[in-house]
Amino acid sequence: MLVLSRKLGESIRIGEQIEVKIVGIEGDQVKLGISAPRAVTILRKEIYEDIQRENSQAAAALNSELITAIQSIKRNVAKKQHDK
Amino acid sequence: MQIKTRYFGEQDIDEAEVITFPNGLPGFDDDLRFVLQPFGDVFSILQSADHADVCFVVTNPFLFFKNYSVELPDTLVTQLGVSRREDVAVLVIVTVHTPFAESTANFNAPVVINTLKRVGCQYIPDRSQYSVREPLAIGALTGKA
C-alpha cells in the first residue's frame with residue numbers, strides 16, 4: 001500500500017481523471033472531496049462490505065421445503081384488502 | 001446457449017434473455033451474465049449464466065412497500081444507458097431464512113436493470129431509509145398476517 005502525507009487543502013491524483021482532496025480535518029475525522037468520472041462508483045468501504053456479506057448469504061442453497069414454500073406464495077391483493 | 005442452473009437443471013437459453021452486469025454483484029465480481037426466471041407468483045431467480053451455484057431469490061419491492069422508491073443518480077443512469085423511465089426494472093435480493101416467513105430482503109441496495117438494453121447492476125445508495133435486512137412482510141402479501 002502506498003502511504004502519502006497530505007495537508008489540508010492538498011490533493012492526490014489517481015490516474016488521469018480522479019482527484020482526492022483533503023477538505024477538512026477534525027479530530028480523528030478526515031473529510032475528503034473526490035472528483036471522478038461519472039462511471040466510477042465511490043462508496044464507503046463498510047457499506048460495500050455489508051452488501052457483499054448479505055449477497056453471499058442470499059446466494060446460499062435452498063432446501064426443497066423452502067423451494068416449495070417460496071413457489072407457493074401467491075400475490076393476493078384483493079384478499080389482503082378484504083382482511084383489513 | 002446452454003446454461004447450468006441451480007434449481008432448474010441444464011437449460012437452453014436465448015442469448016437475448018441474458019442480462020449483463022458489467023461489474024458483477026458485490027461479492028460475485030466474476031458473474032457478469034445473469035438470467036431472470038420466475039419462481040412462483042411473487043419471486044424470481046436471478047441465475048448466473050456462468051456458475052450454477054450463483055443465484056438469488058429476488059422480488060418486486062413495490063409488492064411489499066407500496067411507496068418504495070429509489071432515486072437513481074445520473075452516474076447510474078449513464079452506466080446503465082437508461083433513456084426512459086419505463087425501461088427500468090427494480091428488484092430486491094431476498095435472504096431466505098427458515099421458516100421462510102422470517103426472510104429479509106435488501107431494500108437498501110436494489111438490483112436495477114435497463115430492460116431494453118438488458119444491462120444491470122446492484123445500486124448501493126450513499127444513504128437510504130431502507131435496511132439491507134428489511135423483514136419481508138409475506139403475511140401481508142398473502143393475507144395471512
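Reader: Which share of the contacts in chain A with a separation of 6 or more comes from residues 24 or more positions apart?

Author: In this predicted model, the share is 0%.

Reader: What is chain A built from, then, and in what pattern?

Author: Chain A has three helices and three strands. Along the sequence they follow the pattern β-β-β-α-α-α.

Reader: How do β1(A) and β2(A) pair?

Author: Strand β1, residues 11-14 of chain A, pairs with strand β2, residues 18-26 of chain A, in the antiparallel sense over four bridges. For example, A:Ser11 has A:Lys21 in β2(A) as its bridge partner. The two strands form a hairpin with three residues between them, and A:Gly15 in that turn has a positive phi of about 65 degrees.

Reader: And how many bridges join β2(A) to β3(A)?

Author: Seven bridges join β2(A) to β3(A), residues 29-35, and these strands run antiparallel. A:Glu19 has A:Ser35 in β3(A) as its bridge partner. This hairpin has two residues between the strands, and A:Gly27 takes a positive phi near 60 degrees.

Reader: How much of chain A counts as buried?

Author: Of its 84 residues, 18% count as buried.

Reader: Changing topic: how many residues are in contact between chain A and chain B?

Author: On chain A, 32 residues are in contact with 44 residues of chain B. The area buried between the two chains is about 3,300 Å², and carbon and sulfur atoms give 57% of that area. A:Arg38, A:Ile73 and A:Arg75 supply 19% of the area that chain A buries against chain B, more than any other three residues.

Reader: What about polar contacts, and which elements of chain A touch chain B?

Author: Between the chains there are nine residue pairs in polar contact, both residues being at pLDDT 80 or more. The elements of chain A that give two or more residues to the side touching chain B are α1 (45-58), α2 (64-72) and α3 (77-83). Helix α1(A) gives the most, with ten residues. That side of chain A divides into 16 nonpolar, seven polar and nine charged residues.

Reader: How many salt bridges are there between chain A and chain B?

Author: There are three salt bridges between chain A and chain B, while the count over all chains is ten. One of those between the chains joins A:Arg44 and B:Asp126, at 2.6 Å from N to O. This pair crosses from the loop between β3 and α1 of chain A to the loop between β10 (119-122) and β11 (134-135) of chain B.

Reader: What else does B:Asp126 pair with?

Author: B:Asp126 also forms a salt bridge with B:Arg127, the closest N and O atoms being 3.5 Å apart. B:Arg127 counts as exposed, at 67% relative accessibility.

Reader: Which residues are joined into one network by shared partners?

Author: Salt bridges that share partners join A:Asp50, A:Arg53, A:Glu54 and B:Arg133.

Methods. Residues are numbered from 1 along each chain as its sequence is written. Chains are lettered from A and ligands numbered from 1 in the order in which they are written. This is a predicted model: local features need pLDDT of at least 70, side-chain atom pairs count only at pLDDT 80 or more; totals for chains, interfaces and linings use all residues. Side-chain values use heavy atoms; hydrogens and water are left out. Contact means heavy atoms within 4.5 Å. Buried area is the accessible area (1.4 Å probe) that two parts lose on being put together, summed over both. A salt bridge is a side-chain nitrogen of Lys or Arg within 4 Å of a carboxyl oxygen of Asp or Glu. A polar contact is a pair of N or O atoms within 3.5 Å; within protein, one must be able to donate a hydrogen and the other to accept it, and residues adjacent in sequence count only if both atoms are side-chain atoms. Ala, Val, Leu, Ile, Met, Phe, Trp, Tyr, Cys and Pro count as nonpolar, Asp, Glu, Lys and Arg as charged, and the others, Gly among them, as polar. Two strands pair if DSSP finds at least two bridges between them. Buried means under 20% relative accessible area, exposed over 50%, partly exposed in between (1.4 Å probe, protein chains only).
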